[in-house]
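Visitor: I would like to learn how to read the features of a model like this one. Please take them one at a time, with the rule before the case.

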Amino acid sequence: MTTAQTTELDVQPTPLALLLLGREADPKSERGVECPGDLPSPSDPDLVARARAAKEKLGDKVFVLGHHYQRDEVIQFADVTGDSFKLARDAAARPEAEYIVFCGVHFMAESADILTSDDQKVVLPDLAAGCSMADMATAEQVAECWDVLTEAGIADQVVPVSYMNSSADIKAFTGRHGGTICTSSNARRALEWAFGQGEPSATKVLFLPDQHLGRNTAVRDMGMSLDDCVVYNPHKPNGGLTADQLRDAKMILWRGHCSVHGRFSLDSVNDVRERIPGVNVLVHPECRHEVVAAADYVGSTEYIIKALEAAPAGSKWAIGTELNLVRRLANRFAPEGKEIVFLDRTVCFCSTMNRIDLPHLVWTLESLAEGNLVNRIEVDKETEAFAKLALERMLALP
Ligand code: SF4
């Protein structure tokens, strides 16, 4: 595979347009559904007071989780903030909370439902808050891929490793086929574990659904070559690969990406270095390989936050991750004399994360305070059992 090939973005049709419009009717999918309730007007001057009053009324019965990429207007009501896995574990550690309000996206709410007790109800304030990356790998497509691997005679050598940013169905597939989940912090350990599951020279990993995290971890962190990786395109017969290509590969990367991190380019890095001499470029591993290769530092959202906390006064940073987080970090560290800018010149919010706004949060909290359970996200028992197996393998990683 050439570097030019790795820069290619997935332009296949995805349900993203529906998701953005929020007009579908399948609450089990990442695709959105229209919010069924009467939302307060965004211009209502009492929204903050209303959210506060409803939250106070609910007391310990409610626990509000705020993902790092959420808007400030929502984050101010979060009991904890963090990445998706930390938040799911935080929710599990609060069994007294009957309602877990997840200010994040659909797959995160599913993971929280999997990891919390049966008595806890997970609520997503806007069902249209899905994730375009998670949508790029459906259960049917992944089952078909497994058939292709079986026909190529390699399925028994393949260990699936799925990124946390995947639907419960994909996590369950992973658990069923002996694989593990990973986050952007432990992807290397997950891959090392996977390659240790069989004869190392014969074992292969099917990495879902983010090709960039898979490639960056294999090549940058583990010393594999780009030629060790092939990209399985679910929109092409046999993934667009021959049986020989599959047999020769060590990493079979699913053709998915994050539409936010996928926007950063080598030009963004070159441009910011020219504009801000001495700038440190720090990017998330969901960015494309050439961006990661050109950056000074690479790491998860938690890594980015810690790196900026430890940065000396007067240092300059260009950050390649979601804009809500970068803006908050820039404001937080400005008084310490740290200059933090967004890596790209163009604005780059996660549009689905941004679906959760104050009107949706107020509507959710007031509904719960009145005893109406709305927008519950519930994973069926069988899916939950296999998904949990894959998550537990991750928790047991050395
Ligand atoms: S930032 Fe990317 S991976 Fe995260 S929810 Fe948005 S589209 Fe999905």
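Predicted model: local features only at pLDDT ≥ 70, side-chain atom pairs only at ≥ 80, totals over all residues.

Visitor: How are helices, strands and angles defined?

Guide: Helices (H or I, at least four residues) and strands (E, at least two) are DSSP runs, numbered from the N terminus. Axes are lines fitted to C-alpha atoms, for helices over the stretch in contact, and angles run from 0 to 180 degrees between N-to-C directions. Contact between two residues requires their C-beta atoms, placed from the backbone, to lie within 7 Å.

Visitor: What is the strand order in the open sheet of four strands?

Guide: Two strands pair if DSSP finds at least two bridges between them. Here the order is β11-β10-β12-β13, with parallel pairing. At the edges stand β11 (297-298) and β13, each with a single partner strand, so one side of each has no neighbour in the sheet. Four bridges join β12 (residues 316-320) to β13 in the parallel sense, and Trp317 has Ile340 in β13 as its bridge partner.

Visitor: Which strands are at the edges of the other sheet?

Guide: That open sheet has five strands in the order β6-β5-β7-β9-β8, again with parallel pairing. Its edge strands are β6 (180-182) and β8 (229-232), each pairing on one side only. From one strand to the next, the twist averages 25 degrees. Helix α18 (residues 381-395) lies across β5 and β6, at about 65 degrees to β6.

Visitor: How many bridges join the pairs within this sheet?

Guide: Strands β5 (residues 158-163) and β7 (residues 204-208) are paired in parallel over five bridges, with Val158 opposite Lys204 in β7. Three bridges link β7 and β9, which also run parallel, and Phe207 stands opposite Leu253 in β9. The parallel pair β8 and β9 has four bridges; there Val230 faces Ile252 in β9.

Visitor: Are the residues of strand β9 buried or exposed?

Guide: A residue is buried if 20 or more other C-beta atoms lie within 10 Å of its own, exposed if 12 or fewer, and partly exposed in between, with C-beta atoms placed from the backbone. In β9 (residues 251-254), Met251 and Leu253 point one way, Ile252 and Trp254 point the other way, and all are buried.

Visitor: Which residues are closest to the ligand?

Guide: A residue is near a molecule if its C-beta atom, placed from the backbone, lies within 6 Å of it. Around the ligand there are 13 residues, the closest being Cys131, Met133, Cys258, Val260 and Cys350. By class, this shell has eight nonpolar, four polar and one charged residues. Ala, Val, Leu, Ile, Met, Phe, Trp, Tyr, Cys and Pro count as nonpolar, Asp, Glu, Lys and Arg as charged, and the others, Gly among them, as polar.

Visitor: What does UniProt list as "binding site"?

Guide: UniProt positions follow the numbering used here, feature names are shortened, and annotations may be inferred rather than shown by experiment. An unreviewed UniProt entry lists Cys131, Cys258 and Cys350 under "binding site". These three span 220 residues in sequence, yet no two of their C-alpha atoms are more than 9.3 Å apart, so they gather at one spot.

Visitor: Where in the fold are Cys131 and Cys350?

Guide: Cys131 belongs to the loop between β4 (121-123) and α7 (132-135), and counts as buried because it has 26 C-beta neighbours inside 10 Å. Cys350 is in the loop between β13 (339-342) and α17 (358-369). With 24 such neighbours inside 10 Å, Cys350 is buried as well. Neighbours within four places in sequence aside, Cys350 contacts Tyr69, Val260 and Glu322.

Terms used. Residues numbered from 1 in each chain as written.
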